[in-house]
Amino acid sequence: DHAGPGPAHPRAHVLHARTLELLRAVGLQDEVIHRMPPLEQWKHFRYCSTLLGDEFLSVDHFDDPGYANLQQNSPAQGIAHLMQPELETMLQREARRYEEGGLASFLNSFECTQLHTQCPTSHHVVADFIRTDGCASHLQVKARFLISADGAHSRIRSQCRIAVQGEPCLEDFVSIHFHCPGLWQLMGPDRGAMLYFVFNSTQVAVVIAHDMCKGEYVAQVPYFKPIESISDFTEERCCNLIQSIIGASDVPFTIRSIRGWEMHAYVAERFRDGNVFLIGD
């Protein structure tokens, strides 16, 4: 993992039925269900002027025959909503049990820099790793398989010369993680949602309510190159944006982190090259 220890910026949050089925197989589904927010807080999408302002429309995304069919036919019985850092903490805790038993080892703050050319008849993969935290350290690993989960900008995929298909850079966003523990009480129990689509005269944004009881939200705000760049979004500007999204200037909140990202519609042409496998993000 190229990331080091410490809190991560929340990104993914929806666990589909197949993911829950896999978590069920390793004994983690019940913990996921216990940790996720109550269903009434995230079963809707809401379209509004601000989080505290007028609501234009609400959609219950569980009120669908397809979802009822999913509940009947999947042992997971549906989907879940849990912020990615919490799920990763659970997965790492379980995976380290294999490390304690001598069946695995974990390297945080390492990045794969070179994948050595595979012979068609080879039964192994050799890869070079370096530290990403500034320490001068190099490591070479030889293994039967290499499973790459390094996302759309995968260096492993590039070295395997696997092309991608799709549309590049559909839109640019600044992602603002903010903590606002009092917001849920101000909104009221009838305004819970997974996603809030905010439209007003000063701001367009999508707000992900990762956990309303804990006050964890992420606002996705589009920006437009080359007129704007991610460096324009200082903490002061992001505070003003969040106030516009909430719809009040007297609701206390804290900016936890600010990240820029690009939306692409990419998919790899294939997911295997010899003993190297791509599995996504």
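Reply: The largest nonpolar core has 30 residues. A nonpolar core here is a set of buried Ala, Val, Leu, Ile, Met, Phe, Trp, Tyr and Cys residues joined through side-chain atoms within 4.5 Å. Buried means under 20% relative accessible area, exposed means over 50%, and partly exposed lies in between (1.4 Å probe, protein chains only). The residues with the most contacts inside this core are Ile176, Phe178, Tyr196, Tyr217, Ile242, Ile245 and Ile246. Helix 7 gives the most, with five residues. Helices (H or I, at least four residues) and strands (E, at least two) are DSSP runs, numbered from the N terminus.

The model is predicted; local features need pLDDT of at least 70, side-chain atom pairs count only at pLDDT 80 or more, and totals for chains, interfaces and linings use all residues. Residues are numbered from 1 along each chain as its sequence is written, and side-chain values use heavy atoms, with hydrogens and water left out.

Now take Ile246. Leaving aside residues up to four places away in sequence, Ile246 touches Thr50, Leu51, Leu52, Phe178, Cys180, Leu183, Val251 and Phe253. Contact means heavy atoms within 4.5 Å. A second, separate core has 19 residues, among them Leu20, Leu28, Leu82 and Met90. In soluble globular proteins, nonpolar side chains tend to be buried together.

Next, the chain as a whole. The protein chain has seven helices and 15 strands. Buried residues make up 38% of its 281 residues. Among contacts between residues at least 6 apart in sequence, 66% join residues at least 24 apart. The C-alpha atoms fill a box of roughly 65 × 50 × 35 Å along the principal axes.

Val267 is in strand 13 (residues 254-268). Its relative accessibility is 42%, so Val267 counts as partly exposed. Val267 and Val164 are 103 residues apart in sequence, yet 5.4 Å apart in space, C-alpha to C-alpha. Val267 also touches Ala163 and Gln165, besides Val164, not counting residues up to four places away in sequence.

Then the strand pairings. Two strands pair if DSSP finds at least two bridges between them. Strand 5 (residues 110-115) and strand 6 (residues 125-131) are antiparallel, with five bridges. Cys112 stands opposite Phe129 of strand 6. Strand 6 also runs antiparallel to strand 7 (residues 138-143), joined by six bridges. There, Val125 has Ala143 in strand 7 as its bridge partner. Six residues lie between the strands of the hairpin of strand 6 and strand 7, where Gly134 takes a positive phi near 95 degrees.

Strand 8 pairs with strand 15 (residues 276-278) in the parallel sense over three bridges. Ser148 stands opposite Leu278 in strand 15.
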